[in-house]
Amino acid sequence: MNNSDYEQRLSKRVPASDVRAGSAVKDIILVAGARPNFIKLAPLYKELCRRPEKLCPIVLHTGQHYDQKMSDVFFQELELPEPDIFLGAGSGTHAEQTARIMVEMELIFMRRKPDMVVVFGDVNSTLAASITAAKMGIPLAHVEAGLRAFDRSMPEEINRLVTDTLADLLLTPSKDANRNLEREGVPREKIVMVGNIVIDTLAGQLSRADKSDILERLQIESGAFALMTMHRPGNVDDRDTVDILLDIVEGIAAEHTIVFPIHPRTHKNFTGMGGRAGALAAGTMNNVIITEPLGYLDFLKLQKESAVILTDSGGVQEESTYLGIPCLTLRPNTERPVTITHGSNHLIGLDAAIAIEHARRYLQKRTHGAGIPPLWDGKTAVRIADAIEKFLFEGDYKREMDALHMAAREEALQALRTS
Ligand code: UD1
Ligand code: UDP
């Protein structure tokens, strides 16, 4: 592509009139692409909007998730405006998707010249934005920094490691995250423990979720069902693993109702596999209610009213902890250990007998409660906005290091002059 093509694409994406020069207000691009990102972005966007004399949030949606039920519904329910910038990246292999986002994003960053880029969580959109911002010298903040599953077979773990290596401001949800980062040699000055932003959204939406009529629509009763979500490649891409999952579903459904809002990856894979998996995806398995991915409010209501949750989702492990609903995590590890040490989460792995027995007990005798980790209090967005302001207006670690390096170079030059 020659330069004029490039310039043309650039002005198409971001009109020159949108570019602000020399303003004292700092432009912050908030990057979101996938379902859990939208849920994390909402409270921070709203908090930044409350500081118009200093900060101006710009919402960039990469288009990694694009179905109405995976994207638009969250903007509507969480009362977010339309994204300022939409990249339309769509699905693809990891390299395709990440590269497509990076190419488009570079154009945006060149034109918009943001003062900071904020990324959330561990999805490919997060990785793409982090690399692009870091290479362009744009300060990068990572919300949900420091989580580690210590399992590089998960694409998210690679995304977390790269993002945290590149970030200038690492905003952590829990103490274990601080420990992980410090062990990896991240300077303490870059790390701020802010708590869990997922809980800001949850706490803020609980009363609205309570009004959801999802129980009536599905014809189920409070406390009389298990809720299930499943979408990790490690669980739903491989036929043998899916067979174990199906054993778990059948084992529980022999006596109890399961509600399973099905993620598009899972739906596509199960349908392709046919047999029991296909029957589950088609909603023809006894006692299993399959739904499309649900909106946030309906899903939150289901979590709150369920007897037990079976999941491989990161966000659901956290939300069930806050709600005190027993959660069975069907994975060999978790990057969210506080949900076990403080909360209601149990790490089950993919053991059908153990999963079924736990689920049965919780379904037979409803239990509720456990603890809530420190700073999971609904005020994380305020702490993040404070940390961003401090970083942008009061100097930061990188600037201190730059000053140190400059002084050292000056000293070396001085030494030559005097020798
Ligand atoms: C992604 C994240 C994962 C996160 C999950 C949240 C990465 C590597 N993975 O996984 O960490 O937990 O989102 O839900 O970023 N699809 C649709 N419609 C959509 C989106 C996806 O049909 O709106 C289908 C496509 O066939 C696509 C597949 O789902 O190929 C996977 O989507 P993708 O965004 O690549 O990964 P997820 O499995 O959704
Ligand atoms: N969620 C939702 N509808 C659903 C399933 C999940 O709104 O049908 C919400 C859930 O409450 C949580 C988030 O989506 O806030 C978790 O997203 P997901 O499991 O897709 O991703 P992960 O957290 O594993 O990255």
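**Exercise 1. Domains**

Solution. The protein chain splits into domain 1 (3-195 + 377-407) and domain 2 (204-364). This is a predicted model. Start with the spacing: the C-alpha centres of domain 1 and domain 2 are 30 Å apart. Then take the contacts. Domain 1 puts 20 residues in contact with 16 residues of domain 2. On the side of domain 1 that touches domain 2, the elements giving two or more residues are α2 and α3 (72-77). Sort that side by class: 11 residues are nonpolar, 3 polar and 6 charged.

**Exercise 2. Overall dimensions**

Solution. First, count the elements: the protein chain has 19 helices and 13 strands. Last, take the box. Along the principal axes, the C-alpha atoms fill roughly 85 × 45 × 40 Å.

**Exercise 3. The shell around ligand 1**

Solution. Begin with the neighbours. Ligand 1 is surrounded by 19 residues. The closest are Asp67, Ser91, Val123, Asn124 and Pro264. Now assign elements. At least two shell residues come from each of α2 (35-49), α6 (155-166) and α12 (264-273). The top contributor is α12, with 3 residues. By class, the shell around ligand 1 holds 7 nonpolar, 6 polar and 6 charged residues. Finally, assign domains. Domain 1 and domain 2 both give residues to this shell, so ligand 1 lies between them.

**Exercise 4. The shell around ligand 2**

Task: Which element gives the most residues to the shell around ligand 2?

Solution. List the neighbours. There are 15 residues around ligand 2, and Pro261, Phe299, Ser313, Gly314 and Gly315 come nearest. α2, α14 (296-305) and α15 (314-323) each provide at least two shell residues. The answer is α15, which gives the most, with 4 residues. Check the classes: 9 residues are nonpolar, 4 polar and 2 charged. Domain 1 and domain 2 each supply at least three residues to the shell around ligand 2.

**Exercise 5. Helix α8 and its partners**

Task: At what angles does α8 meet α18 and α14?

Solution. Two numbers describe a pair of packed helices: the angle between the axes and the distance between them.

Step 1, α8 with α18. Helix α8 covers residues 197-210 and helix α18 covers residues 380-393. Their axes come within 8 Å and cross at roughly 135°. That angle makes α8 oblique to α18. Ile197, Ile199 and Asp200 in α8 meet Thr380, Ala381 and Ile384 in α18. This contact has 4 nonpolar, 1 polar and 1 charged residues.

Step 2, α8 with α14. Here the packing angle is about 85°, and the axes are 9 Å apart. Angles from 65 to 115 degrees count as roughly perpendicular. α8 is therefore roughly perpendicular to α14. From α8, the contact uses Leu202, Gln205, Leu206, Arg208, Ala209 and Asp210. From α14, it uses Tyr296, Leu297, Leu300, Lys301 and Lys304. By class, the contact of α8 with α14 has 6 nonpolar, 1 polar and 4 charged residues.

Key:
Residues are numbered from 1 along each chain as its sequence is written. Chains are lettered from A and ligands numbered from 1 in the order in which they are written. This is a predicted model: local features need pLDDT of at least 70, side-chain atom pairs count only at pLDDT 80 or more; totals for chains, interfaces and linings use all residues. A residue is near a molecule or strand if its C-beta atom, placed from the backbone, lies within 6 Å of it. Ala, Val, Leu, Ile, Met, Phe, Trp, Tyr, Cys and Pro count as nonpolar, Asp, Glu, Lys and Arg as charged, and the others, Gly among them, as polar. Domain bounds come from an automatic or database domain assignment. Axes are lines fitted to C-alpha atoms, for helices over the stretch in contact, and angles run from 0 to 180 degrees between N-to-C directions. Angles under 35 degrees count as roughly parallel, over 145 as roughly antiparallel, 65 to 115 as roughly perpendicular and the rest as oblique. Two residues are in contact if their C-beta atoms, placed from the backbone, lie within 7 Å.
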